[in-house]
Amino acid sequence: SFSWMLCEGYHLDRTFNNVMESYMDDNRIWRYSAFSYGVPLVIVIICASVFPDGYGQADACWLSTDNDRLIYAFVIPAALVVVINIFFFFRVMNVILRLPVNTDKRREGDRRELAKRGGKASA
């Protein structure tokens with residue numbers, strides 16, 4: 001799910017920052033799927049081959065907490081995805097907040113309008 005979240009952030013970034021670019025193609029979903037299923041698969045294969053006893057526990061089907069290094073195989077990619085998506089979020093918000101504000105309103109209302117737009121866009 002973290003890899004799909006990264007694809008979603010990338011897609012939003014491309015949609016908002018490259019409005020004039022026609023990157024919409026039929027192969028996009030296949031590329032997103034290959035990335036979103038392939039990257040976690042590679043991580044699991046590597047970790048399962050290096051730490052064969054690290055997956056699964058008696059009480060839960062999850063990573064073993066006995067080996068700290070195996071937990072990092074989950075934590076580091078997840079944290080990296082969150083950091084990259086924060087970057088994408090600020091790029092998208094920058095585009096949204098640069099849109100022209102309604103010119104019929106008074107000048108002092110512009111800041112409030114921008115704040116409202118930013119709040120609605122981030123919710």
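Q: Is Ser-36 buried or exposed?
A: Buried means under 20% relative accessible area, exposed over 50%, and partly exposed in between, with a 1.4 Å probe and protein chains only. Ser-36 has a relative accessible area of 3%, so it is buried. This is a predicted model: local features need pLDDT of at least 70, side-chain atom pairs count only at pLDDT 80 or more, and totals for chains, interfaces and linings use all residues. Residues are numbered from 1 along each chain as its sequence is written, and side-chain values use heavy atoms, leaving out hydrogens and water.

Q: Where is Ser-36 found, and what is it in contact with?
A: Contact means heavy atoms within 4.5 Å. Helices are DSSP runs (H or I, at least four residues), numbered from the N terminus. Ser-36 sits in helix H2. Setting aside neighbours within four places in sequence, Ser-36 touches Ser-3, Trp-4 and Cys-7.

Q: What span does helix H1 reach?
A: The expected span is 1.5 Å times one less than the number of residues. H1 covers residues 2-17, 16 residues in total. From first C-alpha to last it reaches 22 Å, close to the 22 Å expected.

Q: Which residues of H1 are buried?
A: Ser-3, Leu-6, Cys-7, Gly-9, Asp-13 and Arg-14. Down the axis of H1, the buried residues fall within an arc of 160°, so they line one face of the helix. The arc is taken from the directions from the helix axis to the C-beta atoms.

Q: What covers the buried residues of H1?
A: The cover includes helix H2 (28-50) and helix H3 (68-98).

Q: How many aromatic pairs does the structure hold?
A: Rings of Phe, Tyr and Trp (its six-membered ring) pair if their centres lie within 6.5 Å; planes under 30 degrees apart are stacked, over 60 edge-to-face, and the rest tilted. The structure holds six such pairs. In one of them, Phe-2 and Phe-74 have ring centres 5.8 Å apart and planes at 75°, so the pair is edge-to-face. Phe-2 is in helix H1 and Phe-74 in helix H3, so the pair ties together parts 72 residues apart in sequence. Phe-2 is partly exposed at 31% relative accessibility. Phe-74 is partly exposed too, at 34%.

Q: What do Trp-4 and Tyr-37 form?
A: An edge-to-face aromatic pair, 5.8 Å centre to centre with 80° between the planes. Trp-4 in helix H1 and Tyr-37 in helix H2 are 33 residues apart, so this pair links distant parts of the chain. Trp-4 is partly exposed at 29%, whereas Tyr-37 is exposed at 57%.

Q: Which residues form one aromatic cluster?
A: Tyr-10, Tyr-32, Phe-87 and Phe-88.

Definitions and conventions
Helix = DSSP H or I, 4+ residues; strand = E, 2+ residues; numbered from the N terminus.
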